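Please look over the following entry, and consider its backbone geometry together with the surroundings of its ligand.

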Amino acid sequence: MPTTTALSTDDQLGTRVHLLPQTSRLRALHTAMRDRTAGRDVFRHASESVFRMLIDTALDLLPHESHTVTTPVGATYDGLRPTPRLLGVSIVRAGESLEGPLRAACPDIRIGKILIQRDKQTKQPHLYRTWLPADIADNHVLLLEPMLATGGTALAALQLLIDQGVPEDNIIFINLTTVPEGISEVCRRYPKVHIVTSSIEQRLNEDAYMIPGMGDFGDRFFGTDAGAQ
Ligand code: URA
């Protein structure tokens with residue numbers, strides 16, 4: 001019995017959902033992360049390894065143009081380079097975990113931030129503040145958030161980017177794990193947004209944690225879970 005869904009979302013949701021190939025390497029990294037006994041170093045190492053795969057997949061979705069260079073031996077290489085200007089935007093706090101791997105792939109990238117938290121009483125996402133460049137609308141945006149669960153925060157962040165003038169199809173939403181209901185909600189509201197993920201989990205439990213999942217991502221990554229030292 002697989003522990004995560006093998007569902008190909010293409011039929012259901014179109015070609016905007018990009019699930020990483022479920023290779024042995026990827027599954028071994030997920031196994032390391034999901035183990036409740038994994039220490040912070042193992043958890044961070046495994047998650048950052050998967051983040052690099054997600055970022056490479058996202059970068060590959062950008063439009064490219066021909067670019068020819070001369071090699072050190074005087075030959076020509078007819079290559080490619082990405083055309084658009086690119087920006088990262090992380091959703092504080094868990095999304096900040098993707099900033100290091102994104103900077104490793106694109107050293108000069110600018111990274112904005114959105115601080116949204118769920119109001120404990122209304123259960124609705126509340127926008128506290130943003131740090132976004134003024135020319136955001138002229139960029140393709142990689143939106144960084146490892147967990148796509150109910151989708152409430154994600155939808156608020158996507159709407160904010162669109163209100164800032166970013167065309168929907170210039171947004172690539174990068175998630176480590178997702179659930180079918182979160183994907184459906186994003187695709188229903190924003191059908192042109194790309195989603196890049198490494199896993200589609202079975203479901204959410206009554207506390208809105210993914211099953212089988214990996215617990216609270218931010219706490220485990222940043223070491224703020226109960227008992228962490
Ligand atoms: N956020 C998390 O950190 N984990 C989940 O399982 C769901 C949302």
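Where is the place of P212? P212 sits in the loop between β13 (210-211) and α7 (217-222), where helices (H or I, at least four residues) and strands (E, at least two) are DSSP runs numbered from the N terminus. The model is a predicted one, in which local features need pLDDT of at least 70 and side-chain atom pairs count only at pLDDT 80 or more, while totals for chains, interfaces and linings use all residues. Residues are numbered from 1 along each chain as its sequence is written, and side-chain values use heavy atoms, with hydrogens and water left out.

**Backbone geometry**

Most residues other than glycine have a negative phi, and most peptide bonds are trans.

| Peptide bond | Omega |
|---|---|
| V92 to R93 | about 10° |
| I211 to P212 | near 5° |

R93 belongs to the loop between β4 (86-92) and α4 (99-105). A208, although not a glycine, has a positive phi of about 65°, and it is placed in the loop between β12 (203-204) and β13. With a relative accessibility of 29%, A208 counts as partly exposed, given that buried means under 20% relative accessible area, exposed over 50%, and partly exposed in between (1.4 Å probe, protein chains only).

**A hairpin and a helix**

Strands β2 (residues 64-70) and β3 (residues 76-82) pair in the antiparallel sense over seven bridges; two strands pair if DSSP finds at least two bridges between them. V69 has Y77 of β3 as its bridge partner. The two strands form a hairpin with five residues between them, and G74 in the turn has a positive phi of about 85°.

Helix α5 (residues 152-163) contains 12 residues and reaches 17 Å from its first C-alpha to its last, close to the 16 Å expected at 1.5 Å a residue, the expected span being 1.5 Å times one less than the number of residues. Its buried residues include A154, L155, A157, L158, L160 and L161.

**Around the ligand**

The residues around the ligand, A208 among them, also include M147, A149, Y209, M210, G215, D216 and F217, each with a heavy atom within 4 Å of it. A backbone N or O atom of M210 lies 2.8 Å from a ligand oxygen atom, and one of F217 lies 2.7 Å from an oxygen atom of the ligand. Taken alone the ligand exposes 240 Å², of which the protein buries 84%, with areas from the Shrake-Rupley method with a 1.4 Å probe.

Methods
Polar contact = N/O pair within 3.5 Å; in protein donor to acceptor, adjacent residues only side chain to side chain.
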